Every structure is written in C-alpha cells, then in structure tokens.
Number of protein chains: 2
Amino acid sequence: MSQGNLISIPFVFEQPCPIRDVLDRIGDQWSLLILEVLEHGTMRFSEIERAIADISKQMLAKTLRRLEEDGFIRRTLYPQVPPRVEYELTELGRSFLVPLKNLIAWANENHQAICEARSDYGVKNGGR
Amino acid sequence: MSQGNLISIPFVFEQPCPIRDVLDRIGDQWSLLILEVLEHGTMRFSEIERAIADISKQMLAKTLRRLEEDGFIRRTLYPQVPPRVEYELTELGRSFLVPLKNLIAWANENHQAICEARSDYGVKNGGR
DNA sequence: GTGATCAGGTCTATTAACTAGACCAGAGGG
DNA sequence: CCCTCTGGTCTAGTTAATAGACCTGATCAC
C-alpha cells in the first residue's frame, strides 16, 4: 500500500484486457479440444461427445454454447425427431485454428521433454 | 455399444495422448498467463502476483509448482529471511513462447470480432 | 526488549464448478 | 405397446477455487 516498496511492473493483466478476455474463455479444460475436433468438419453433438470421450454432456453443452456465443462455431438445429444438431467452425473459428495448430504441434514435439521433466522432478522430490 | 450405429470417427482424444496431456496442463485459468508474464524476465512470487492481480496466492503457488514440475519454469530459492524466491522460464518454457505469442496476437487481432459476436448473440437470445 | 514488518507460502472455511446419472420429448420400428 | 433414437436439462454428490487468517524468523523502530 505504501509507495516505498513498489516494484515496477510495466504490464499488469487486469480482467478487462483482450488477452485475459480471450484466454479466460478458451483457457479451460475443453474449448481448445472441441475446436480442434471441429477442424475435421461439421459434427453432431454425439460425435463430438464420442471424439472427446471423457467430457460430460453438461460441460460439452455449456462449452459449445460459449463457443457459439463468442462466434467460434455455428450451431444448426434441424427440427426433426429425434433432433439433429450440427456444429461447425465459423470463419473466426477457422482462423483460430492457425495459432491452435502451432500450439498442438509444439505439444507433440515437446511432450517427451515434459515427461522427462516430470520424472526428474519426481526423483528430486521423491520422498513426498 | 452395438456396432450398427457407430459413426466413424478417425480421431478420438483419449487421455493418454500428447495433445490431451499438454492441453490439460496449460489449458487452465492461469498457466498461459503466468508463462506470458515470465516472458519479461526473472520475477519474484509477489511480482507475478501483482502482475496478474486477481489470482489467489494458493492458485499461483499451485500453478507455479505444476509449471516447474513440467519443466516450463525454474524456481530458485535464496535462503534469506524474509525468503526470496525467483521464477524464470527454462529453455522449454521459452520455446513455448513462440506458439503462445501467436495465440496472444490472434487474441488481440480478433478480440473485437469476439465482442461483436457476443453482443449479436445477446440480441438474438435477448429474452433469456 | 517489545512489537511490527517483510516474502512466500500453507491452512481452513466458504463458494463455485464439474461429474455422473436419471429424465424428457415425440416420431418410428418390432 | 413398448423400446429406441438424439440433444439436451435437472439434481445430487464430489471436486476445485477463492478469500483471508496464519506462520517463519531476521531486522528495525521505539
């Protein structure tokens, strides 16, 4: 609170900033995964559910709604019984695939290194 | 479970796959943000805390430990009183900055479009 | 000497988020 | 007549995150 011991920090990520705003949305357990899955084309709810496997219906529905709300995907409901709902990437969503695929490529390339880091850490802190 | 109605899905993201493994770790509220903050150099615990502002101490400590465990960052403890602890990116962490900065650049470029999508969605589904 | 202060956490209690699983509509098939 | 199909929603129980008190122990003001 006092001024004397303030360390100068030129960047502060408060909530109303673009980076925070976007990262807070896509930075969750499922969003990136769903977008990656939808790269392969238009898919139905149950197809996405099967592709990700361990997502719960509720989280899938919620995450899809949020992605739709943010303009990443488009939801099309065919009023049949049983209902048919299809999800596909919008232009915005497709443009997001570019940085996303970079990220995924990095993940594939460096997964090994991460695993090694984990086991090294485990050795160093083995006891507990 | 029966075979008849299986829609062919050539890609299934089960947990033990590199993409899932990496995304499950960095795909949370704080990891990406912390890594981005640390781009600016070695920082102390309280500096990071101040830079992100609305992170709780517990989550910061936990996320830092996980990032350290995965080899993204290095933690250096100077045994003084009061304690001094510094965090910095490792080689691996720095290499991750490349895809991360792509992501952030995308976020900056498209933040406007996302906001517009949100308000459009709000109009369309205004009642509820 | 007494007490406040510092950094970097941890501990606890409250609150929010997520999960699993039941349930629903309503047309078509056996 | 009952069962099945899809895309969800609802409820109950579990897990995770948050806010805030607390801890250490050397240093400094009083």
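This is a predicted model: local features need pLDDT of at least 70, side-chain atom pairs count only at pLDDT 80 or more; totals for chains, interfaces and linings use all residues.
DNA strand C is surrounded by 19 residues, of which A:Gln58, A:Met59, B:Arg44, B:Arg75 and B:Tyr87 are the closest.

**The surface near DNA strand C**

- Among the atoms of DNA strand C that lie within 4 Å of the protein, sugar or phosphate accounts for 64%, while the rest belong to bases.
- The element that gives the most to the surface near DNA strand C is α4(B), with 4 residues.
- Sorted by class, the residues of the surface near DNA strand C are 9 nonpolar, 4 polar and 6 charged.

- Of the atoms of DNA strand D that come within 4 Å of the protein, 60% are in sugar and phosphate.
- From chain A, a polar side-chain atom of A:Arg75 lies 2.3 Å from a phosphate oxygen of DNA strand D, and an N or O atom in the side chain of A:Ser46 is 3.0 Å from a phosphate oxygen of DNA strand D.
- From chain B, an N or O atom in the side chain of B:Lys62 is 3.2 Å from a phosphate oxygen of DNA strand D.
- At least two residues of the surface near DNA strand D are supplied by each of α3, α4 (57-69) and β3 (84-89) of chain A and α4 (57-69) of chain B, and the largest share, 4 residues, comes from α4(A).
- This surface near DNA strand D is made up, by class, of 9 nonpolar, 5 polar and 6 charged residues.

**Two helices of chain A**

- Helix α2 (residues 31-38) and helix α3 (residues 45-52) of chain A have axes that come within 10 Å of each other and cross at roughly 115°.
- Angles from 65 to 115 degrees count as roughly perpendicular, and α2(A) and α3(A) are therefore roughly perpendicular to each other.
- The crossing of α2(A) and α3(A) is right-handed, and the contact is made by A:Leu33, A:Ile34, A:Val37 and A:Leu38 of α2(A) together with A:Ile48, A:Ala51 and A:Ile52 of α3(A).
- By class, the contact of α2(A) with α3(A) has 7 nonpolar residues, with no polar and no charged ones.

**Details of the backbone**

- In chain A, a cis peptide bond with omega of about -5° joins A:Val81 and A:Pro82, and A:Pro82 lies in the loop between β2 (73-78) and β3 of chain A.
- In chain B, the peptide bond from B:Val81 to B:Pro82 is cis, with omega near 0°, and B:Pro82 has its place in the loop between β2 (73-78) and β3 of chain B.
- A:Ala53, which is found in the loop between α3 and α4 of chain A, has phi near 75°, a positive value in a residue other than glycine.

Methods:
Residues are numbered from 1 along each chain as its sequence is written. Chains are lettered from A and ligands numbered from 1 in the order in which they are written. Side-chain values use heavy atoms; hydrogens and water are left out. Axes are lines fitted to C-alpha atoms, for helices over the stretch in contact, and angles run from 0 to 180 degrees between N-to-C directions. Angles under 35 degrees count as roughly parallel, over 145 as roughly antiparallel, 65 to 115 as roughly perpendicular and the rest as oblique. A crossing is left-handed if the near helix is turned anticlockwise from the far one by less than a right angle, and right-handed if clockwise. Contact means heavy atoms within 4.5 Å. Ala, Val, Leu, Ile, Met, Phe, Trp, Tyr, Cys and Pro count as nonpolar, Asp, Glu, Lys and Arg as charged, and the others, Gly among them, as polar. A residue is near a molecule or strand if one of its heavy atoms lies within 4 Å of it. A polar contact is a pair of N or O atoms within 3.5 Å; within protein, one must be able to donate a hydrogen and the other to accept it, and residues adjacent in sequence count only if both atoms are side-chain atoms.
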